[in-house]
Amino acid sequence: MHDHNHPYDEHGQLRNGFQQGFFKDGTTCWEGHFNAGKKTGNWRFYLKNGQLKASGDYLNNQMTGYWEWYRINGQLMQTGSFESDQKTGLWKRYHENGRLLDQGLFKNGQPTGLWETFTEEGELLKSKIYP
């Protein structure tokens, strides 16, 4: 599998344009664009079963904007945004039954404000306020 974190391809050239990496069995592991060796634009990461694992954007090799992560069965597991590779804004995680597990805000990569955790039935379990 070619490492998506390495700016050079297997021939020692800076990566440019659309690239893919593969698991040993030949299935796609990741796909996205490079510009002068830096990840840019929309990227998709896959599980060995071919299901989408994560999807989101990069800008100058840093995670940016809205991202989604999925479970092996294809269900949404987590959503959130990045700014310059740091978590920002509203983040949500989901129980395996699809109901909201927790949600809260990030600022500069740190939790802030009200965070809420819910049971699998959707009832508020606890809340916490971060500075």
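**Hairpins and core of a predicted model**

Good morning. In the hairpin of strands β1 and β2, 5 residues lie between the strands, and glycine 26 has a positive phi near 95 degrees.

Residues are numbered from 1 along each chain as its sequence is written, and side-chain values use heavy atoms, leaving out hydrogens and water.

β1, residues 17-22, pairs with β2 in the antiparallel sense over 6 bridges; pairing requires that DSSP finds at least two bridges between two strands. Here phenylalanine 22 has threonine 28 in β2 as its bridge partner.

Next come β5 and β6. Over 6 bridges, β5 (residues 62-70) pairs antiparallel with β6 (residues 76-83), and tyrosine 66 stands opposite serine 81 in β6. Their hairpin has 5 residues between the strands, with a positive phi of about 95 degrees at glycine 74 in the turn.

β6 is also joined to β7, residues 86-94, by 5 antiparallel bridges. This hairpin has 2 residues between its strands.

Finally, which residues touch the most other members of the largest nonpolar core? They are Phe45, Trp67 and Trp69, in a core of 15 residues. The elements giving two or more residues to this core are β2, β3, β4 and β5. Such a core is a set of buried Ala, Val, Leu, Ile, Met, Phe, Trp, Tyr and Cys residues joined through side-chain atoms within 4.5 Å, where buried means under 20% relative accessible area (1.4 Å probe, protein chains only).

Note on methods. Predicted model: local features only at pLDDT ≥ 70, side-chain atom pairs only at ≥ 80, totals over all residues. Helix = DSSP H or I, 4+ residues; strand = E, 2+ residues; numbered from the N terminus. Buried < 20%, exposed > 50% of the residue type's maximum accessible area, 1.4 Å probe, protein only.
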